[in-house]
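Me: I would like a close look at one part of this model, with the cut-offs behind each term stated as you go.
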Amino acid sequence: MYILLVVAQILVCNFINVGQYVMLSILPVIILCMPLTVPTIALMLIAAVVGIAVDWLAEGIVGLNVLALVPVAFIRNPVAGLLFGKDHTERGEGFSLKKNGFTRFSVAILICQAVFLAVYVAADGAGTRPFLFCFIRVMLSLVCGYVISLPIANMLTSETK
């Protein structure tokens, strides 16, 4: 399922252009929803491989998604521990919308999306874009990314898989 979603992200990058102010990415939610039994270092390597694949096959700027996705992998376990409970993450239990509640699940998605977008937009602009443009781009992309990430996260963490 994760590989199909990465392919879907590549297709979105190649064929759907919603303008310069919105960037649609489901990569942060893919990393967030990986099993909690995956260690942080392995998750960071997975994020780097996924990022380089998307960069190479879609975006054109090699390293941009890697740069933005690896920090998401780095903060995933602390965010899950903070929002879903330390013993929950230490036992490697999965999390889901039904089990952990809509609010906590949404906050986890928003944090991961925000970290990804802040790094991505800052690196993409590389100091050449005005702050207001970058801020608007992050905010609009965060809202759109959250809307498309919520059903995907629910699907990836569903207990009925």
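Within what distance do the axes of helix α7 (residues 102–125) and helix α8 (residues 131–156) come, and at roughly what angle do they cross?

Reply: This is a predicted model, in which local features need pLDDT of at least 70 and side-chain atom pairs count only at pLDDT 80 or more, while totals for chains, interfaces and linings use all residues. Residues are numbered from 1 along each chain as its sequence is written, and side-chain values use heavy atoms, with hydrogens and water left out.

The axes of α7 and α8 come within 8 Å and cross at roughly 140°, where an axis is a line fitted to C-alpha atoms, for helices over the stretch in contact, and angles run from 0 to 180 degrees between N-to-C directions. The helices themselves are DSSP runs of H or I with at least four residues, numbered from the N terminus. That angle makes α7 oblique to α8, because angles under 35 degrees count as roughly parallel, over 145 as roughly antiparallel, 65 to 115 as roughly perpendicular, and the rest as oblique. The crossing of α7 and α8 is right-handed, meaning that the near helix is turned clockwise from the far one by less than a right angle.

On the α7 side, the residues that make this contact (heavy atoms within 4.5 Å) include Phe102, Phe105, Ile109, Gln113, Leu117 and Asp124, and they meet α8 residues among which are Cys134, Arg137, Leu142, Tyr146, Ser149 and Ala153. By class, the contact of α7 with α8 divides into 15 nonpolar, six polar and two charged residues, with Ala, Val, Leu, Ile, Met, Phe, Trp, Tyr, Cys and Pro counted as nonpolar, Asp, Glu, Lys and Arg as charged, and the others, Gly among them, as polar.

Two members of that contact, Gln113 of α7 and Ser149 of α8, also touch Ser25, whose contacts beyond four places in sequence are Gln9, Gln113, Phe116, Ile148 and Ser149. Ser25 belongs to the loop between α1 (2–15) and α2 (27–32), and at 2% relative accessibility this serine counts as buried, a class that requires under 20% relative accessible area, whereas exposed requires over 50% and partly exposed lies in between (1.4 Å probe, protein chains only). The side chain of Ser25 also reaches the backbone nitrogen of Leu27 at 3.3 Å.

Definitions and conventions: Polar contact = N/O pair within 3.5 Å; in protein donor to acceptor, adjacent residues only side chain to side chain.
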